Amino acid sequence: MNPTVEALRATFGDAIGRAAVARDGETVVYVRADRLAEVLRWLHDTPGEAYTYLVDVTAVEYRDRERPLEVVYFLRSLERRMDLRVKVELEHEGDLSVDSAVPVWRGADWLEREVYDMFGITFRGHPDLRRILMWETYAEGHPLRKDFPLRGRFSRAEQVRQALKANPEAHYSMEELSIAEAYEDLPADMRERLARGERGRVPEPE
Amino acid sequence: MSRRTVEFTLATPGLDPQGRPVRTPLTGVRDDTADAGTVAVEPDFRGEHLLVNIGPQHPATHGVLRLVVELDGETVVRVIPHIGYLHSGFEKLGEYRHYNQIIPLTDRTDYLAPMANNVGVALAAEKLMGIEITPRCKVLRVIACEMSRIISHLVWLGTTSIDLGAFTPFLWAFQERERIYDLQEMWTGARLTTSLTRVGGLMADVPEGFVEGLRHFTRTFPRTLAEIDRVLTRSAVWAGRTQGIGVMTAEEAINYSLSGPMLRASGVPYDVRKDKPYLDYDTYDFEVPVGEHGDVYDRYLVRLEECHQANRILAQALDRLPDGPINVDDPRVILPPKSRAMSDMEAMIYHFKQVMEGIRAPVGEAYVGIENPKGELGNYFVSDGSAKPVRWRIRPPAFINLSALPKMAEGHLLSDLIAINASVDIVMGEVDR
């Protein structure tokens, strides 16, 4: 087992949960969600640990509804050639949010956006938490959740109807429209919808 | 309204006394003493920002990538990338498939190096199940990975040189790539949808004539690389368009989680093949090229040298290719030959169970990262003991490398944005998955 786990226990006490060696030989350590930001910062900054490289951020939802969702951080110390996997458990019924790792690793930016997009887990303090793979007006939910059917929630006809009804201006974000100073030229109703953050959202299917 | 004269230096950059290319900024220089050779332009446009939409259907974005760019004159102030146009939900699909049925999906992620993706996902599944593959299979998989590295880097070299105005290297690179594709087709029957690996082995052994064909390739390929090197490396145009462009320092590259040639061009000597060896890469003799400036030019040098090194590995792999089976001897994992399945009761049962139920993986999780041409390709399986993974995650190197594009491009010229975007070596099938 990776010696970092002992160091973590010595520093953070009961914020560190169980730890185990996975089938690929890497150590997995569970951390309490409310202390996650501190733990990640410590792992990055402490000289003896120096997990300066973030390999990946992802989430896991089990088929068993009793098991909580997990957010997984794959960390690597390039100096010591050591890997560590940090996991946070989030109860289905609870608050599906954790602190963002972007202040520590800029590489977490798109990875966390993807987890948000695919699982609906929000990252507090993320500078730009928007959907990334699905479009911004996507209304069917979060595709990698187990309660999301493989073919999507809406029928194919409904999906086509929504695509045709989508507002072409919705392809630009408010931020982008403000660069072009195109905002003032938009029709009043569209301006109002944009300001409400709807960006051409179509109504729920009947 | 006062007119002003602006002097533009339009000549291509030359070389300074030390032989290093000089990069002349293409910015206007205020010159009130107008004389011959200066261009008079109409009023001051400073302060007005322009919104330019590039893509998603644009050849210079190398796929369906859309970039919304805020420009101040010709200078990029902000880049806002939009991706997802090729999102296919592979990870979701994988949760509904057996491990072997996932392999065809990986052909379509990084479609410029399908065989390497096949190897990556098979290694992760084998790690999860604790399967040790045969020596011949290991060497053949190394051959598959290095062939993929060469074709992927050749596509990168060709398309990037076209982006920056050099047409000839494109033709040379694609001609060489075609020779690898012929071999790949000979082995797998396909140029793109190779589906080469199986959990515990390979779909097929190499056919007769393959080893000779590849050996001929490894002997003749360095000549083309030398030609490309001669045309590009010391070209003032090439150096002027690429040196000092899109610089990432070593700390930034690490902080942005860059991997592969992007990370190494910034001077970080991390290569999964050396540092976490898989497929016995530690027994091959090869070098890992590392850049020092982290600009587009260094990324070019790193990739060019990686082609040489991949060629070396191919030659060594051909020399050591052992005889023996390509598949593990385990009827629960590998399908029995069709003739036995039709005549032998036990073989038929195994055949039926594998096709209908798939291979059961033990409870647990496994992550295997391999050094793909684009960077570290990770495959992460979480299993609950059934024949289908609970979660299949691809760590997409191109996606993570692309996320540093705004950081690299902001402050450069619009034409440099094209060079920087090309230098990331994205493949949208993998970025969007």
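H4(B) passes H11(B) in a left-handed crossing, meaning that the near helix is turned anticlockwise from the far one by less than a right angle. The model is predicted; local features need pLDDT of at least 70, side-chain atom pairs count only at pLDDT 80 or more, and totals for chains, interfaces and linings use all residues. Residues are numbered from 1 along each chain as its sequence is written, with chains lettered from A and ligands numbered from 1 in the order in which they are written.

H4 spans residues 135-163 of chain B and H11 spans residues 296-320 of chain B. Helices are DSSP runs (H or I, at least four residues), as are strands (E, at least two), numbered from the N terminus. The two axes come within 9 Å and cross at roughly 155°. Axes are lines fitted to C-alpha atoms, for helices over the stretch in contact, and angles run from 0 to 180 degrees between N-to-C directions. H4(B) and H11(B) are therefore roughly antiparallel (angles over 145 degrees). Contributors to the contact (C-beta atoms, placed from the backbone, within 7 Å) include Ile143(B) and Trp156(B) of H4(B) and Leu314(B) of H11(B).

Chain A holds 6 helices and 7 strands. Their order along the sequence is α-β-β-α-β-β-β-β-α-β-α-α-α.

The contact between the chains takes 31 residues from chain A and 38 residues from chain B. On the chain A side, strand S3 (53-60), helix H3 (108-119) and helix H5 (174-180) each supply at least two residues. S3(A) gives the most, with 6 residues.

Definitions and conventions: Angles under 35 degrees count as roughly parallel, over 145 as roughly antiparallel, 65 to 115 as roughly perpendicular and the rest as oblique. Two residues are in contact if their C-beta atoms, placed from the backbone, lie within 7 Å.
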